[in-house]
Amino acid sequence: MSQPQSKTLHDNWYFGHGLVWLLAPFALLFYFVSAIRRLLFKVGVKKVFKAEVPVIVVGNISVGGNGKTPVVLALADYYQSHGIKVGILSRGYGAKSAVYPRRVNGDDNAAEVGDEPRLLAIRSQCDVVIDPNRARGAAYLTEELQCELIICDDGLQHYALHRDIELVVMDDRKVGSGYLLPMGPLREGQWRLSTVDALIHNSRSMPTFDHAVAPQFLMTLVPGDFTSVSNRAKTCTVEEIRKQVPCSAIAGIGSPQRFFNQLRDMQITLSHTQPLADHHAMTPSDIPQGTVLMTEKDAVKAASFAHEACWFLPVSAHLAPDFFNLIDVKLAKAGLMFNKTDRNNNNGI
């Protein structure tokens, strides 16, 4: 199925169609405003909140989803398995909560707390808090919930919160055109890739750069069994899904085509694919008849109205032991000490 025109326009913008140069003056303004803002934090004019415990920020320098949520879950699982009380902090993009900071439960309405925070609360066994004011949210996780480590989902450019470790997640699109917003997809210049602690690539092969970057690691997304959107206790194997016709797929993530390609790589024949905007507010009209496959991020928004033939594909991030070794060392320098016995036997979720 051909993709809608809006997606084509997005791709043209992301990878630098000639017309984006019309936005160059605004990109220049964005550059100066961002640079001044960073300087104000650096010299202390703008205050930076330092939590009582180490903070890991998992973010990116481009707009759109790249696979941050599986990385957050992998880190949370790893450190919880070593006896660390982990808290996850999120802005709660799209959330309409009446109060902040808000502790998220797995049965909360995604419209109130955001799709990714609800997913994190369901999948992880740790405290998840949303707050647009991340400093306030971090204080709540430490002072009220007694967390020993905070993992911040996104927020790389939120300099009001001190961080001990910065991780950037990228997919095959890398930095797109390499232009700053709104001319291109970058929130910060490519120079930022050399100042973070590690780059995590949601790709099949290690990309190359023509400039210095932080240590790089590949991430593999390992799929689980398909799970019923309306009843998580019910699962279905990929072999069973392959037999179901017609079979369609919908995805409201940063790169829907990545999900569709994954399904085809699993030898699933798709009669129809429907890309949706990232964080799209799912409605019953978005779901076609017949067997429908979607991402887990979409499933948390569709659970209350999805029909029985709707399935989502849960994925878990697999990262090499060397990655966790690097983070262990950096957290030790930040003051977090724990028993590392057999740590290399747990290298993903």
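A surface patch here is built from residues with over 30% relative accessible area and no salt bridge, with nonpolar side chains joined within 5 Å. The views below all come from a predicted model.

**View 1. A nonpolar patch on the surface, formed by L28, Y31, F32 and I36.** Together these four residues have about 410 Å² of accessible area. L28 is found in helix α2, which spans residues 24-43. Its relative accessibility is 48%, so L28 counts as partly exposed.

View 2. A polar atom of the D197 side chain lies 2.7 Å from the backbone nitrogen of E166. The side chains of D197 and K330 are joined by a polar contact of 3.2 Å. Neighbours within four places in sequence aside, D197 is in contact with D164, I165, E166, A214, P215, L326 and K330.

**View 3. The largest nonpolar core, a set of 40 residues.** Nonpolar side chains tend to be buried together in soluble globular proteins. I56, V58, L75, Y79, L167 and F323 have the most contacts inside this core. Helix α3 (residues 68-80) gives the most to it, with eight residues. F323 touches L75, L167, I200 and F217, leaving out residues up to four places away in sequence. Another core, of 25 residues, lies apart from this one; V55, V57, L141 and C152 are among its members.

**View 4. Helix α6, a mostly covered element.** The helix runs over residues 134-143, and seven of its ten residues are buried. The buried residues are R134, A135, G137, A138, A139, L141 and T142. Their cover includes β2 (86-90), β4 (127-130) and β5 (149-153). L141 is also one of the residues in the core of 25.

**View 5. The salt bridge between R102 and E112.** The closest N and O atoms of the pair are 3.1 Å apart. R102 sits in strand β3 (residues 102-103), while E112 belongs to helix α4 (residues 110-113). The two residues are ten apart in the chain. R102, at 16% relative accessibility, counts as buried. E112, at 34%, counts as partly exposed.

**View 6. R173 with D171, and R204 with D265, each pair forming a salt bridge.** In the R173 and D171 pair, the closest N and O atoms are 3.0 Å apart. Both of these residues are buried. For R204 and D265, the closest N and O atoms are 2.0 Å apart. R204 lies in the loop between β7 and β8 (216-223) and D265 in helix α8 (residues 256-265), so this pair ties together parts 61 residues apart in sequence. R204 has 72% relative accessibility and counts as exposed. D265, at 48%, counts as partly exposed.

**View 7. A network of salt bridges linking R38, R163, E166, E188 and R192.** The model has a count of 20 salt bridges.

Definitions and conventions:
Residues numbered from 1 in each chain as written. Predicted model: local features only at pLDDT ≥ 70, side-chain atom pairs only at ≥ 80, totals over all residues. Heavy atoms only, no water. Patch = residues over 30% accessible without salt bridge, like charges linked within 9 Å, V, L, I, M, F, W, Y side chains within 5 Å. Areas by Shrake-Rupley, 256 points an atom, 1.4 Å probe, with all protein chains shown as cover. Salt bridge = Lys/Arg side-chain N within 4 Å of Asp/Glu carboxyl O. Helix = DSSP H or I, 4+ residues; strand = E, 2+ residues; numbered from the N terminus. Buried < 20%, exposed > 50% of the residue type's maximum accessible area, 1.4 Å probe, protein only. Polar contact = N/O pair within 3.5 Å; in protein donor to acceptor, adjacent residues only side chain to side chain. Contact = heavy atoms within 4.5 Å. Core = buried A, V, L, I, M, F, W, Y, C linked by side-chain atoms within 4.5 Å.
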